[in-house]
Amino acid sequence: MSITPNELSPKSWAARLGALKSRQVPDTDPRVIECRAALAHYRAHDALGADVVAALSDVSKEELMRVLRGDTEVTA
């Protein structure tokens, strides 16, 4: 990423992605990838609020970190 997700709001990232897609920029373009990654960052941040993180055991936190690093597959 050329900028970090927190440098723009989720609305700004969504607007940037919308502008790119309205100009038919392909999904493989680095700018589109950057927008999607930033929006995923905000979705994960919202899903993992402080109360959720506080409720996780140390083992659960380590397992979550393995998933985030891509060391472990996500299973249903």
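Me: In this predicted model, is the crossing of α1 and α2 left-handed or right-handed?
Reply: The model is a predicted one, and the two helices in question are α1, residues 10–22, and α2, residues 30–47. Where α1 and α2 cross, the sense of the crossing is left-handed.

Me: Which residues of α1 and α2 make the contact, and how many of them are nonpolar, polar and charged?
Reply: From α1 the contact draws on Pro10, Trp13, Ala14, Arg16, Leu17, Leu20 and Lys21, while α2 contributes Arg31, Val32, Glu34, Cys35, Arg36, Ala38, Leu39 and Tyr42. Sorted by class, the contact of α1 with α2 comprises 5 charged residues, no polar ones and 10 nonpolar.

Me: At what angle do α1 and α2 pack, and how far apart are their axes?
Reply: Helix α1 packs against helix α2 with the two axes 9 Å apart, and the angle between them is about 150 degrees. That angle makes α1 roughly antiparallel to α2, because angles over 145 degrees count as roughly antiparallel. The values asked for are therefore about 150 degrees and 9 Å.

Me: Is Pro5 buried or exposed, and which residues does Pro5 touch beyond four places in sequence?
Reply: Pro5 sits in the segment before α1, and its relative accessible area is 14%, so Pro5 is buried, the cut-off being under 20%. The C-alpha atom of Pro5 is 7.7 Å from that of Leu39, although 34 residues separate the two along the chain. Leaving out residues up to four places away in sequence, Pro5 touches Trp13, Ala38, His41 and Tyr42.

Me: Where is Ala40 found, and what separates its C-alpha atom from that of Pro5?
Reply: Ala40 belongs to helix α2, and with a relative accessible area of 31% Ala40 is partly exposed. Along the chain Ala40 and Pro5 are 35 residues apart. Between their C-alpha atoms the separation is 9.3 Å.

Me: Where does Arg23 lie, and how far is Arg23 from Asn6 in space?
Reply: Arg23 lies in the loop between α1 and α2, and its relative accessibility of 53% means that it counts as exposed, since the cut-off is over 50%. Arg23 and Asn6 are 17 residues apart in sequence. Taken from C-alpha to C-alpha, their distance in space is 25 Å.

Me: What is the phi of Gln24?
Reply: Gln24 is placed in the loop between α1 and α2, and Gln24 is exposed, with a relative accessible area of 67%. Most residues other than glycine have a negative phi. Gln24 is not a glycine, yet its phi is positive, at about 65 degrees.

Me: What span should the 12 residues of helix α4 have, how far apart are its end C-alpha atoms, and which residue follows α4?
Reply: Helix α4 covers residues 58–69, and at 1.5 Å a residue its 12 residues should span 16 Å. The end C-alpha atoms are 17 Å apart, which agrees. The residue that follows α4 has a positive phi, near 85 degrees, and is Gly70.

How values were computed: Residues numbered from 1 in each chain as written. Predicted model: local features only at pLDDT ≥ 70, side-chain atom pairs only at ≥ 80, totals over all residues. Heavy atoms only, no water. Axes fitted to C-alpha atoms, helices over the stretch in contact; angles between N-to-C directions. Helix = DSSP H or I, 4+ residues; strand = E, 2+ residues; numbered from the N terminus. Parallel < 35°, antiparallel > 145°, perpendicular 65-115°, else oblique. Left-handed = near helix turned anticlockwise from the far one by under 90°. Contact = heavy atoms within 4.5 Å. Nonpolar A, V, L, I, M, F, W, Y, C, P; charged D, E, K, R; others polar. Buried < 20%, exposed > 50% of the residue type's maximum accessible area, 1.4 Å probe, protein only. Expected span 1.5 Å × (residues − 1).
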